[in-house]
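Hello,

Here is the structure I promised to pass on to you. Please open it alongside this email, and my notes on what turned up follow below.

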Amino acid sequence: MKPYPYDPQLFAARADELARNVRDIASAGWTPATSSNFSQRLDAHHVAITVSGGDKGELTADGIMVVDLEGNAVATERRSSAETLLHTRLYRRFAEVGCVLHTHSQNQTVASRLYAPAGKVRLEGYEMLKAFHGNTTHEAAIELPVLPNSQHMPTLADQVDALLDRQTMWGYLIDGHGLYAWGRDMVEARRHLEAFDFLLGCELELRKLQR
Ligand SMILES: CSC[C@@H](O)[C@@H](O)C(=O)COP(=O)(O)O
Ligand SMILES: [Zn+2]
């Protein structure tokens with residue numbers, strides 16, 4: 001019998017890559033006070049994801065574990081991120097999703113509060129929109145949804161699924177909480193995360209200047 005239902009060498013490589021990228025993201029100040037969680041697909045049934053809690057700025061491969069696509073821990077007693085379901089539901093829905101990143105930057109959290117009543121942030125006219133997979137022009141517009149926060153992950157995950165039934169999207173905000181962004185691999189997910197944060201920063205700055 002195989003000791004693990006996943007490839008341990010692949011897990012080791014992915015865990016290293018994930019930890020390196022997360023430390024980098026944390027150095028921007030986007031993961032305050034042990035917040036934020038991160039994952040990468042291993043195969044059709046398994047995901048490498050951060051263990052719950054802990055300073056993400058100090059993350060090493062040891063702070064990463066494996067879950068299945070229902071969010072159950074695999075071959076470990078450790079507790080995965082409290083928000084595991086928000087990751088695994090994306091991997092379950094889209095075979096092409098390879099990486100999910102969740103952060104709590106100030107831009108993301110402030111924008112989530114400001115735009116919660118509208119339920120979305122409309123981003124248009126920016127060259128940076130080309131950072132999103134499928135966009136080739138600044139003349140595009142993107143609607144970044146803002147969901148009400150909840151501690152009940154199935155509720156949040158159902159709301160995300162309902163949005164995905166209606167639109168293509170690479171991320172969403174949760175009110176008073178932060179941003180989820182994803183992509184086909186780490187490079188693309190980071191590009192989407194950084195583009196969302198930059199664009200939200202621009203919108204917030206414009207608001208201040210226009211007062
Ligand atoms: C420290 S508050 C943030 C948490 O409640 C949560 O939103 C979060 O992003 C991190 O939870 P975690 O269980 O470590 O993945
Ligand atoms: Zn969070």
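A helix axis here is a line fitted to C-alpha atoms over the stretch in contact, and the angle between two axes runs from 0 to 180 degrees between their N-to-C directions. Please keep in mind that this is a predicted model.

Helix α2 (residues 84-93) packs with helix α4 (residues 153-166) at an angle of about 35°, their axes lying 9 Å apart. The crossing of these two helices is right-handed. On the α2 side the contact is made by Leu 85, Leu 86, Arg 89 and Arg 93, while α4 brings Met 153, Pro 154, Leu 156, Ala 157, Val 160, Asp 161 and Leu 164. Sorted by class, those residues come out as 8 nonpolar, no polar and 3 charged.

The other pair is α3 (residues 106-115) and α5 (residues 186-209), where the angle is about 55° and the axes are 9 Å apart. These two helices are therefore oblique to each other, and their crossing is left-handed. The residues that make this contact are Asn 107, Gln 108, Val 110 and Ala 111 from α3, together with Asp 197, Leu 200, Gly 201, Glu 203 and Leu 204 from α5. Here the classes are 4 nonpolar, 3 polar and 2 charged.

What else does α3 pack against? Its buried residues pack against α5 and also against the strands β4 (99-103), β5 (120-124), β6, β7 (171-174) and β8 (178-183). The buried residues in α3 are Asn 107, Gln 108, Thr 109, Ala 111 and Ser 112.

Next, a residue in one of those strands. Val 146 sits in β6 (residues 141-147) and counts as buried because it has 24 C-beta neighbours inside 10 Å. Leaving aside residues up to four places away in sequence, Val 146 touches Ser 112, Tyr 115, Ala 116, Gly 119, Lys 120, Val 121, Leu 173 and Asp 175. Val 146 and Tyr 172 are 26 residues apart in sequence, yet their C-alpha atoms are 6.0 Å apart in space.

Now to the ligand. Which residues are around ligand 1? They are Ala 33, Thr 34, Ser 35, Ser 36, Asn 37, Thr 50, Ser 52, Gly 53, Ser 81, Ala 82, Glu 83 and His 102. By class, this shell has 2 nonpolar, 9 polar and 1 charged residues.

Most residues other than glycine have a negative phi. Thr 34, however, has a positive phi of about 70°, and Ser 36 has a positive phi near 85°. Thr 34 lies in the loop between α1 (8-26) and β1 (37-41), and Ser 36 lies in the loop between α1 and β1 as well. Are they buried or exposed? Thr 34 counts as partly exposed because it has 13 C-beta neighbours inside 10 Å, whereas Ser 36 is buried, with 24 other C-beta atoms within 10 Å.

Last, a look past the end of α5. Arg 211 is in the segment after that helix and, with 5 C-beta neighbours inside 10 Å, counts as exposed. Arg 211 and Leu 200 are 11 residues apart along the chain, with 17 Å between their C-alpha atoms.

Technical notes:
Residues numbered from 1 in each chain as written. Chains lettered and ligands numbered in written order. Predicted model: local features only at pLDDT ≥ 70, side-chain atom pairs only at ≥ 80, totals over all residues. Helix = DSSP H or I, 4+ residues; strand = E, 2+ residues; numbered from the N terminus. Parallel < 35°, antiparallel > 145°, perpendicular 65-115°, else oblique. Left-handed = near helix turned anticlockwise from the far one by under 90°. Contact = placed C-beta atoms within 7 Å. Nonpolar A, V, L, I, M, F, W, Y, C, P; charged D, E, K, R; others polar. Buried ≥ 20, exposed ≤ 12 C-beta atoms within 10 Å, placed from the backbone. Near = placed C-beta within 6 Å.
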